[in-house]
Amino acid sequence: MAKPEKYNIDKYRQQQNRKRIIKKALVIFVILLIGVVIAFVIEELIQKNAHIVDSGVQFPINLKGVHPTSLQTSSQGLIVTGETEHFFYNLGAQKDNSRKHGLSNPVVKVQDNKIMTYDQGGRTIRLETRNGLLYNPLETQEQILFAELSETDYIAMVTFEDRYNGSLTIYNHNMEQIYKYKDSQSYMMAFDFIDNQRGILATQQVKDGNFNTIIYGLDFHKKKETEFLKLEIPNMMVYDVKVLSNESIQVVGDIGLITLDKKGEIINTYTYQNDIRFIWDGSRNYILALENIVDANDTDILIFSNEGEVKSQAKINGEAIDVFCDGNQIVLLDKNNIYEYNTSLELLNTYPNLNKYVEVAVYGGKIYGMSSERLDKIGEN
């Protein structure tokens with residue numbers, strides 16, 4: 001028997017109520033979905049704009065969160081090394097690329113467009129360009145003390161090794177080991193390439209309570225320990241060694257700069273009048289910063305010739321923090337100012353160090369300063 005009509009009406013009403021509830025739920029869902037889409041689009045726009053700002057539509061470039069450790073230049077632009085990544089910028093302040101290095105204490109050396117990064121105290125060396133790794137990272141069993149990159153992409157690596165004070169390993173441009181030199185008597189302090197077959201190694205010994213420097217010329221194309229030069233310099237702690245364009249050799253120590261001919265004979269000695277503050281060896285001529293003998297708050301800047309003579313000299317009223325030379329300009333940084341010189345150390349411009357820069361660089365004739373939070377083009381802000 002059919003139900004009374006009133007029951008059919010109640011059922012109809014229930015169905016209509018259910019439809020209204022479903023419609024409301026659908027409307028709410030659609031509204032929420034539209035809101036999510038709008039929020040997503042807004043977030044994408046914010047991220048895109050933030051990327052543009054960080055990539056550097058214009059200077060300054062925001063380095064907050066990067067924790068920059070060094071500013072370098074290559075033939076293709078600027079390289080900022082951060083706590084976890086390399087960031088590559090062009091002259092227009094645009095970020096061309098970034099690459100993770102994964103090293104705890106990265107040290108960067110650049111030749112042309114090749115970038116070598118090694119983990120000082122660690123066990124990894126990377127060789128790459130801004131476009132990517134050239135080879136798989138080199139992993140060593142011993143801790144790396146320091147490494148050098150030649151103009152032809154050869155790598156010299158000095159490590160700790162059991163029973164030895166130091167071990168020098170040479171790798172060719174294919175990252176293949178071609179030579180190894182170990183020393184149980186001296187500590188290896190510095191190395192420079194002469195060419196793909198020879199190099200100069202500076203080591204340190206302690207005799208009778210005094211530091212003695214020993215310079216070796218090594219021939220490594222025969223795949224065995226072969227010394228073609230040896231010179232002992234008494235009473236000096238060695239800091240660095242550099243082979244010049246005429247194959248003469250300059251040795252920087254705590255007491256002076258000594259210049260050798262290519263046979264290892266001393267041709268000149270320059271003795272400092274006061275303490276050395278730092279060495280710039282990015283070019284084939286040393287630039288030294290020395291504490292001024294009259295006022296310890298001032299700094300003397302010296303450029304040396306291939307013969308070891310002082311070629312140019314200048315003084316700043318402050319303690320130098322960094323220096324950079326690109327062959328045409330010399331830029332010096334202290335806590336108050338940035339000084340621009342020509343290669344004869346004639347002052348061209350002075351800019352205030354308002355943003356607490358800790359490193360400077362020159363690229364494309366422009367000066368750049370890096371602080372813990374920003375990368376600036378100096379003189380155009």
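User: Hello! How much space lies in the second largest pocket?

Analyst: Welcome! This is a predicted model, and its second largest pocket holds about 200 Å³ of space. Of the 13 residues lining that pocket, the closest to its centre are Lys64, Gly65, Val66, Glu85 and Phe87.

User: Which strand gives the most to the lining of this pocket?

Analyst: That is strand β4, residues 85–89, with three residues. By class, the lining of the second largest pocket has five charged, four polar and four nonpolar residues.

User: What makes the link between Lys100 and Glu85 a salt bridge?

Analyst: The N to O distance between the side chains of Lys100 and Glu85 is 3.9 Å. A salt bridge needs these atoms within 4 Å, so the pair qualifies. Lys100 sits in strand β5 (residues 95–100) and Glu85 in strand β4, and the pair links distant parts of the chain, 15 residues apart.

User: Are these two partners buried or exposed, and how do you know?

Analyst: Lys100 has 60% relative accessibility; exposed means over 50%, so Lys100 is exposed. Glu85 has 17%, and because buried means under 20%, Glu85 counts as buried.

User: Why is the pair Arg277 and Glu291 called a salt bridge?

Analyst: Their closest N and O atoms are 4.0 Å apart. The cut-off is within 4 Å, so this pair is counted as a salt bridge. The pair links distant parts of the chain, with Arg277 in strand β23 (residues 276–280) and Glu291 in strand β24 (residues 287–291), 14 residues apart.

User: Why is Arg277 called partly exposed?

Analyst: Its relative accessibility is 23%.

User: What about the accessibility of Arg374 and Asp376?

Analyst: The side chains of Arg374 and Asp376 meet in a salt bridge of 2.8 Å, N to O. Arg374 has a relative accessible area of 24%, so it is partly exposed. Asp376, at 0%, is under the 20% limit and therefore buried.

User: How many salt bridges does a search of the whole structure find?

Analyst: The search finds 14. Arg99, Arg126 and Glu128 are linked in a network of salt bridges.

User: Why is Asn342 called buried?

Analyst: Asn342 has 18% relative accessibility, under the 20% limit, so it counts as buried. Asn342 lies in strand β29, residues 337–342.

Key. Residues are numbered from 1 along each chain as its sequence is written. This is a predicted model: local features need pLDDT of at least 70, side-chain atom pairs count only at pLDDT 80 or more; totals for chains, interfaces and linings use all residues. Side-chain values use heavy atoms; hydrogens and water are left out. On a 1 Å grid over the protein atoms alone, a cavity is a set of points where a 1.4 Å probe fits but cannot get out, and a pocket is an open set with protein on both sides within 12 Å along at least five of seven lines; lining residues have an atom within 4 Å of a point. Grid points are joined across faces, edges and corners, and a volume is the space filled by probe spheres set on the points. Helices (H or I, at least four residues) and strands (E, at least two) are DSSP runs, numbered from the N terminus. Ala, Val, Leu, Ile, Met, Phe, Trp, Tyr, Cys and Pro count as nonpolar, Asp, Glu, Lys and Arg as charged, and the others, Gly among them, as polar. Buried means under 20% relative accessible area, exposed over 50%, partly exposed in between (1.4 Å probe, protein chains only).
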